[in-house]
Amino acid sequence: MNSPHYILLPVSPAFIVTSLICAFFLNFLPWGGAIGIPDFVALVVVFWSIHQPRKIGIGLAFLMGLLMDVHSAIHLGENALVYTVLSYLAIAIHRRVLWFNPLGQSVHVFPLFLFAQTMQIVVRLFVSPEAEFPGWLYFSESLVTALLWPVVTWLLLAPQRRAIDKDDTRPI
(Lines give C-alpha, C1' and ligand atoms only; values in the text may rest on other atoms or scores of the structure.)
Protein backbone atom coordinates (compact mmCIF):
# COMPACT_ATOMS: atom_id res chain seq x y z
CA MET A 1 0.00 0.00 0.00
CA ASN A 2 1.45 3.34 -1.01
CA SER A 3 1.71 6.08 1.54
CA PRO A 4 -0.72 8.95 0.98
CA HIS A 5 0.50 12.12 -0.67
CA TYR A 6 -0.18 15.12 1.46
CA ILE A 7 -0.76 18.63 0.29
CA LEU A 8 1.32 20.66 2.67
CA LEU A 9 0.24 23.97 4.11
CA PRO A 10 2.76 26.83 4.08
CA VAL A 11 5.18 26.61 6.97
CA SER A 12 5.10 29.30 9.60
CA PRO A 13 8.39 31.17 10.09
CA ALA A 14 7.69 31.00 13.82
CA PHE A 15 7.61 27.20 13.59
CA ILE A 16 10.97 27.17 11.80
CA VAL A 17 12.51 29.37 14.51
CA THR A 18 10.93 27.25 17.25
CA SER A 19 12.32 24.06 15.73
CA LEU A 20 15.80 25.60 15.53
CA ILE A 21 15.58 26.72 19.17
CA CYS A 22 14.46 23.23 20.24
CA ALA A 23 17.36 21.68 18.30
CA PHE A 24 19.72 24.18 19.93
CA PHE A 25 18.51 23.14 23.39
CA LEU A 26 18.77 19.45 22.47
CA ASN A 27 22.44 20.08 21.74
CA PHE A 28 22.72 21.55 25.25
CA LEU A 29 21.72 18.29 26.94
CA PRO A 30 24.55 16.65 28.88
CA TRP A 31 25.03 13.49 26.85
CA GLY A 32 28.26 12.76 28.72
CA GLY A 33 30.41 12.69 25.61
CA ALA A 34 28.61 9.62 24.31
CA ILE A 35 29.50 8.42 20.84
CA GLY A 36 26.86 8.72 18.13
CA ILE A 37 24.83 11.61 19.56
CA PRO A 38 23.69 13.64 16.54
CA ASP A 39 24.12 17.35 16.06
CA PHE A 40 20.47 18.34 16.20
CA VAL A 41 21.08 21.88 14.96
CA ALA A 42 22.84 20.56 11.86
CA LEU A 43 19.97 18.13 11.30
CA VAL A 44 17.30 20.83 11.53
CA VAL A 45 19.32 23.30 9.44
CA VAL A 46 19.69 20.71 6.67
CA PHE A 47 16.01 19.76 6.93
CA TRP A 48 14.78 23.33 6.53
CA SER A 49 17.39 24.09 3.87
CA ILE A 50 15.96 21.21 1.83
CA HIS A 51 12.27 21.79 2.54
CA GLN A 52 12.21 25.60 2.71
CA PRO A 53 15.32 26.94 0.95
CA ARG A 54 13.82 30.40 0.56
CA LYS A 55 12.95 30.81 4.23
CA ILE A 56 16.13 29.48 5.77
CA GLY A 57 19.43 29.99 4.13
CA ILE A 58 23.12 30.25 4.55
CA GLY A 59 22.91 33.37 6.75
CA LEU A 60 20.72 31.70 9.37
CA ALA A 61 22.92 28.60 9.24
CA PHE A 62 25.96 30.81 9.89
CA LEU A 63 24.21 32.47 12.85
CA MET A 64 23.25 29.10 14.35
CA GLY A 65 26.85 27.96 13.87
CA LEU A 66 28.18 30.98 15.73
CA LEU A 67 25.75 30.31 18.59
CA MET A 68 26.91 26.70 18.74
CA ASP A 69 30.55 27.84 18.69
CA VAL A 70 29.93 30.11 21.67
CA HIS A 71 28.12 27.32 23.50
CA SER A 72 30.74 24.68 22.74
CA ALA A 73 33.65 27.01 23.56
CA ILE A 74 35.61 25.62 20.63
CA HIS A 75 37.31 27.52 17.86
CA LEU A 76 35.07 30.42 16.92
CA GLY A 77 33.76 29.81 13.43
CA GLU A 78 34.15 26.02 13.25
CA ASN A 79 30.44 25.23 13.52
CA ALA A 80 29.59 28.38 11.58
CA LEU A 81 31.70 27.15 8.66
CA VAL A 82 30.27 23.64 8.83
CA TYR A 83 26.62 24.76 9.06
CA THR A 84 27.12 27.25 6.24
CA VAL A 85 28.56 24.59 3.94
CA LEU A 86 25.85 22.12 5.01
CA SER A 87 23.13 24.64 4.22
CA TYR A 88 24.68 25.46 0.85
CA LEU A 89 24.97 21.79 -0.13
CA ALA A 90 21.45 21.04 1.11
CA ILE A 91 20.03 23.90 -0.94
CA ALA A 92 22.03 22.69 -3.95
CA ILE A 93 20.46 19.20 -3.81
CA HIS A 94 17.03 20.07 -2.42
CA ARG A 95 15.09 19.48 -5.65
CA ARG A 96 16.57 16.03 -6.11
CA VAL A 97 16.10 14.98 -2.49
CA LEU A 98 12.43 15.97 -2.39
CA TRP A 99 11.59 13.37 -5.06
CA PHE A 100 12.31 10.58 -2.57
CA ASN A 101 10.46 9.33 0.48
CA PRO A 102 12.03 10.15 3.88
CA LEU A 103 14.02 6.92 3.96
CA GLY A 104 15.44 7.64 0.51
CA GLN A 105 16.14 11.20 1.59
CA SER A 106 18.18 9.92 4.51
CA VAL A 107 20.45 8.11 2.05
CA HIS A 108 21.00 11.42 0.24
CA VAL A 109 21.70 13.50 3.35
CA PHE A 110 24.06 10.96 4.94
CA PRO A 111 27.03 12.11 2.81
CA LEU A 112 26.30 15.71 3.83
CA PHE A 113 26.56 14.87 7.51
CA LEU A 114 29.63 12.73 6.94
CA PHE A 115 31.28 15.57 5.02
CA ALA A 116 30.40 17.99 7.83
CA GLN A 117 32.06 15.78 10.43
CA THR A 118 35.10 15.40 8.21
CA MET A 119 35.30 19.19 7.90
CA GLN A 120 35.14 19.55 11.69
CA ILE A 121 37.99 17.08 12.17
CA VAL A 122 40.12 18.72 9.49
CA VAL A 123 39.59 22.18 11.02
CA ARG A 124 40.42 20.93 14.52
CA LEU A 125 43.55 19.13 13.37
CA PHE A 126 44.65 22.11 11.28
CA VAL A 127 44.08 24.73 13.99
CA SER A 128 45.30 22.62 16.92
CA PRO A 129 48.23 20.43 15.88
CA GLU A 130 48.23 18.86 19.35
CA ALA A 131 44.69 17.58 18.80
CA GLU A 132 44.35 13.87 18.11
CA PHE A 133 42.15 12.03 15.66
CA PRO A 134 39.12 10.86 17.66
CA GLY A 135 38.87 7.49 15.91
CA TRP A 136 36.58 6.08 13.28
CA LEU A 137 33.72 5.56 15.72
CA TYR A 138 33.41 9.35 15.81
CA PHE A 139 31.73 9.20 12.40
CA SER A 140 28.84 7.12 13.77
CA GLU A 141 27.20 10.46 14.54
CA SER A 142 26.57 10.90 10.81
CA LEU A 143 24.90 7.51 10.57
CA VAL A 144 22.67 8.18 13.58
CA THR A 145 21.74 11.59 12.19
CA ALA A 146 20.80 10.08 8.83
CA LEU A 147 18.76 7.39 10.60
CA LEU A 148 16.88 10.11 12.49
CA TRP A 149 15.97 11.88 9.23
CA PRO A 150 12.60 10.07 8.70
CA VAL A 151 11.54 10.79 12.30
CA VAL A 152 12.51 14.45 12.02
CA THR A 153 10.71 14.68 8.67
CA TRP A 154 7.56 13.27 10.20
CA LEU A 155 7.77 15.63 13.21
CA LEU A 156 8.59 18.82 11.36
CA LEU A 157 6.11 18.30 8.52
CA ALA A 158 3.25 17.27 10.84
CA PRO A 159 1.87 20.81 11.37
CA GLN A 160 1.78 21.39 7.62
CA ARG A 161 -0.20 18.31 6.62
CA ARG A 162 -3.81 18.63 5.56
CA ALA A 163 -6.39 15.98 6.28
CA ILE A 164 -6.51 13.15 3.73
CA ASP A 165 -10.26 12.60 3.83
CA LYS A 166 -12.12 14.48 1.12
CA ASP A 167 -14.45 17.21 2.31
CA ASP A 168 -16.64 19.07 -0.18
CA THR A 169 -16.48 22.24 1.90
CA ARG A 170 -12.70 22.61 1.54
CA PRO A 171 -11.35 24.07 -1.71
CA ILE A 172 -8.47 21.55 -1.98
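I took accessible areas from the Shrake-Rupley method with a 1.4 Å probe, where for residues only the protein chains shown count as cover. On that basis I found an accessible surface of about 10300 Å² for the protein, of which 70% belongs to carbon and sulfur atoms.

**Basis.** I worked on a predicted model, in which local features need pLDDT of at least 70, side-chain atom pairs count only at pLDDT 80 or more, and totals for chains, interfaces and linings use all residues. Residues are numbered from 1 along each chain as its sequence is written, and side-chain values use heavy atoms, with hydrogens and water left out.

**Overall.** I looked up the secondary structure as DSSP runs, numbered from the N terminus (helices: H or I, at least four residues; strands: E, at least two). The protein has six helices and zero strands. Of its 172 residues, 39% are buried; buried means under 20% relative accessible area, with a 1.4 Å probe and protein chains only. I took a contact as heavy atoms within 4.5 Å. Among contacts with a separation of 6 or more, 69% join residues 24 or more positions apart.

**Helix 2.** I noted that twelve of the twelve residues of helix 2 are buried, so this helix is largely enclosed by the rest of the structure. The buried residues include F40, F47, W48 and H51. Their cover includes helix 1, helix 3 (58–72), helix 4, helix 5 and helix 6.

**Helix 6.** I repeated the comparison for helix 6 (residues 140–157): its 18 residues should span 26 Å, and the end C-alpha atoms are 26 Å apart. I located a kink of about 40° at W149, shortly before the proline P150; the bend is the angle between axes fitted to the seven residues ending at a residue and the seven starting there. W149 is itself buried, as are S140, T145 and L156, among others in helix 6. Helix 1 (13–28), helix 2 (40–51) and helix 5 (102–127) are among the elements covering the buried residues of helix 6.

**Cavity.** I searched a 1 Å grid over the protein atoms alone for sets of points where a 1.4 Å probe fits but cannot get out; lining residues have an atom within 4 Å of a point. Grid points are joined across faces, edges and corners, and a volume is the space filled by probe spheres set on the points. I counted one cavity of 30 Å³ or more. The largest cavity has a volume of about 80 Å³, and its lining includes D39, A42, F113, Q117 and E141. Helix 5 gives the most to this lining, with four residues.

Terms used. Buried means under 20% relative accessible area, exposed over 50%, partly exposed in between (1.4 Å probe, protein chains only). The expected span of a helix is 1.5 Å times one less than its number of residues. On a 1 Å grid over the protein atoms alone, a cavity is a set of points where a 1.4 Å probe fits but cannot get out, and a pocket is an open set with protein on both sides within 12 Å along at least five of seven lines; lining residues have an atom within 4 Å of a point.
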